[in-house]
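User: Please take a close look at one helix in this model and at what surrounds it.

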Amino acid sequence: MKSLKKPLNKTPRKRSRGSGTYIAQSYRTHGIILRTYKLAEADRIIVVLTADHGQIRAVAKGVRRTTSKFGSTLEPFMHTRLQLVPRRGMDVIAQTETIHSYGMMLTNDYDTFGAASAMVETAEQLTRDDDGADGATQYRLLHGAIAALARRAAAPMMLLTSYLLRALTVAGWAPRFSECSRCGIEGTHNWLSEPMGGVVCDDCAPPQTTYVPDGVVLLLQALLVGEWPTVDQAQFADTRQATSFVAEYLQYHLEKNLQSLSVMDQG
Amino acid sequence: MYDGAVQSLIDELGRLPGIGPKSAQRIAFHILEASESDMIALADAITDVKTKIRLCEICFNVSEHKVCAICRDEHRDTGLMCVVEESQDVIAIERTRTYNGRYHVLGGAINPIGGIGPDQLRVRELLTRLQDESISEVILATNPNLEGEATATYLTRMLSPVGITLSRLASGLPVGGDLEYADEVTLGRAFEGRRKLGETL
Ligand SMILES: [Zn+2]
Ligand SMILES: [Zn+2]
């Protein structure tokens, strides 16, 4: 577009300030709100996974007042267009506009809300120190998963588990369920190992490895590639085993527990 | 840097919410110049809230006694209970003068990423009260933002089988804000226009 007033400033926060007369240039982006922190007065810090600037943290002034112009645009899970003003320390949010109002679609079902919470918590962890292209891929994955939750495309736990497998893949921890994770021999293997990163064959399985039925392996394969007809037909016991494996696998790589998962376990 | 006592006053003030280093210094010098009796009164007020104030053992509102003034008041409707996140919300609702029942202060809202779930809030205490007291209606007055809505969704799922009338503040409150920042008129109207929650949720 030629009529664009200002060229999009890709990394405004890193521009040198030089002489004191430099006037900060605002920039625009859009993204999914991951979480918020209360600040003094009625302010909040907003953490956003953006489509083109990776994960950013910015201050929203007066957002907790019921008369705030921001309204619900900066609530978690919302897809929002943002205009930001770079400041030393932290950027300030100047204007917002809702693109997709996912937030409130996710709060009227508690399991859906829990799954969405675990998604944004994972996305926050995986994109924390990332400035590269992975951020854009993680953004697209998260947006797709949140949208699927909002339209109740499948069971919340299945949507979450499928999202976690793909987000881990983008982060470089692709699990393998169609061949042995260690020697690569193809076939349905039933030994499941977090440290090995998926299924392992009879020869490669270390002692203490868990043995799971075919149904669990097939379900994990389907979740990884998003083959929903197979997922929809899975047995309840298999979904539980697949879900708990993926949660363990995620926490093994993050090297920490996901708060959302333990809160949702409270029922 | 200033002399020991002045600097430590600046440091302590600077740890309060919304007070930066410059404000801390300004307030510290105001305290130095102000009359001694005024400042001793301020210090006493701080000491009093920290030593005398505790939580009401029925509703968990802040109180100077074991049971707060609202729970002790026999003129209030004991069949009505309003569930709020924090004690500040009780003050905001009392200011509207539209509500005459009792309260239950949860101590926050469900926030899975922050590690806050039902077990970290006073949900078990709420269920106990509903079994012991003769309550006919519970008004869910959690904040009109995402965490508050999710908390209301959770409580609705928990309380629906109990067979008590559940209602939620009318959505006249702009979505995204905190109750404690709502003006009296809006909040009062939200109370009067509260809607009953179905059991399908
Ligand atoms: Zn092998
Ligand atoms: Zn009380």
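Analyst: A residue is called buried if 20 or more other C-beta atoms lie within 10 Å of its own, exposed if 12 or fewer, and partly exposed in between, with C-beta atoms placed from the backbone. Helices (H or I, at least four residues) and strands (E, at least two) are DSSP runs numbered from the N terminus. This is a predicted model, in which local features need pLDDT of at least 70, side-chain atom pairs count only at pLDDT 80 or more, and totals for chains, interfaces and linings use all residues. Residues are numbered from 1 along each chain as its sequence is written, and chains are lettered from A and ligands numbered from 1 in the order in which they are written.

The part in question is helix 7 of chain A, residues 236–254. Its 19 residues should span 27 Å at 1.5 Å a residue, and the end C-alpha atoms are 27 Å apart, so the two agree; the expected span is 1.5 Å times one less than the number of residues. Just after this helix, Glu255(A) takes a positive phi of about 60 degrees.

Buried in helix 7 of chain A are Ala242(A), Thr243(A), Phe245(A), Val246(A), Ala247(A), Tyr249(A) and Leu250(A). Their cover includes helix 2, helix 4 (156–170), strand 6 (191–193), helix 5 (214–225) and helix 8 (259–265) of chain A.

Not counting residues up to four places away in sequence, Met119(A) touches Leu142(A), Ala145(A), Ile146(A), Leu160(A) and Tyr163(A), contact being C-beta atoms, placed from the backbone, within 7 Å.

Note on methods
Contact = placed C-beta atoms within 7 Å.
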